[in-house]
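Reader: I have a chain up on my screen. Can you walk me through how it is put together?

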Amino acid sequence: MLPDNKTQALNRLKTVRGHLDGVIRMVEAEAYCVEIMKQISALQSSLERVNRLVFKNHLETCFSEAVVDGRGPEAIAELVDAVKFSPALTGPEARLNGSAVGEASAAPAHAE
């Protein structure tokens with residue numbers, strides 16, 4: 001994994017781990033179900049952001065190398081299989097820049 005992507009992924013995953021511990025405490029304390037649900041949704045969103053970052057890293061590294069080495073069809077099949085159940089990556093609002101719709105962009109927008 002590229003160093004910057006690795007650092008970002010680890011930081012986000014460690015944040016998710018802390019957040020998950022908080023949700024576990026909420027369940028143990030029998031917090032209001034709707035509040036628990038909101039926190040679970042927030043966790044899912046955080047994990048989707050990490051998944052997009054790992055996906056971007058894969059495109060920049062392993063996938064690109066496979067295409068250059070003439071293994072494009074296999075790399076495409078592997079990638080399609082890996083993302084088929086991830087609407088954050090494949091849904092109509094998906095973006096490859098590591099941010100979701102409504103979230104601060106990872107890179108500045110370019111004017112055309």
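Author: Here is a short tour, from the overall fold down to single residues.

Author: This is a predicted model: local features need pLDDT of at least 70, side-chain atom pairs count only at pLDDT 80 or more, and totals for chains, interfaces and linings use all residues. Residues are numbered from 1 along each chain as its sequence is written, and side-chain values use heavy atoms, with hydrogens and water left out.

Reader: Which elements does the chain have, and how many?

Author: The chain has four helices and zero strands. From the N terminus on, the order is α-α-α-α. Helices (H or I, at least four residues) and strands (E, at least two) are DSSP runs, numbered from the N terminus.

Reader: How much of the chain is buried?

Author: Of the 112 residues, 23% count as buried. Buried means under 20% relative accessible area, exposed over 50%, and partly exposed in between (1.4 Å probe, protein chains only).

Reader: Helix 1 and helix 2 next. At what angle do they pack?

Author: At about 165°, with their axes 10 Å apart. That makes helix 1 roughly antiparallel to helix 2. Angles under 35 degrees count as roughly parallel, over 145 as roughly antiparallel, 65 to 115 as roughly perpendicular and the rest as oblique. Axes are lines fitted to C-alpha atoms, for helices over the stretch in contact, and angles run from 0 to 180 degrees between N-to-C directions.

Reader: Is the crossing of helix 1 and helix 2 left-handed or right-handed?

Author: Helix 1 passes helix 2 in a left-handed crossing. A crossing is left-handed if the near helix is turned anticlockwise from the far one by less than a right angle, and right-handed if clockwise. The residues of this contact divide into 14 nonpolar, six polar and five charged. Ala, Val, Leu, Ile, Met, Phe, Trp, Tyr, Cys and Pro count as nonpolar, Asp, Glu, Lys and Arg as charged, and the others, Gly among them, as polar.

Reader: What sits in the loop between helix 1 and helix 2?

Author: Glu30 lies in that loop. Glu30 is exposed, with a relative accessible area of 70%. Glu30 has a positive phi of about 55°, although it is not a glycine. Most residues other than glycine have a negative phi.

Reader: OK, helix 2 and helix 3. What is the angle there?

Author: Helix 2 (residues 33-68) and helix 3 (residues 72-83) pack at about 155°, axes 8 Å apart. They are therefore roughly antiparallel to each other. Their crossing is right-handed. Helix 2 brings residues including Phe55, Phe63 and Ala66 to the contact, and helix 3 brings residues including Ala75, Leu79 and Val83.

Reader: Which residues form the largest nonpolar core?

Author: Seven: Phe55, Phe63, Ala66, Ala75, Leu79, Val83 and Leu89. A nonpolar core is a set of buried Ala, Val, Leu, Ile, Met, Phe, Trp, Tyr and Cys residues joined through side-chain atoms within 4.5 Å. Helix 2 and helix 3 each supply at least two residues of this core.

Reader: Zoom in on Ala66. Which residues does it touch?

Author: Ala66 touches Arg71, Gly72 and Ala75, not counting residues up to four places away in sequence. At 5% relative accessibility, Ala66 counts as buried.

Methods
Contact = heavy atoms within 4.5 Å.
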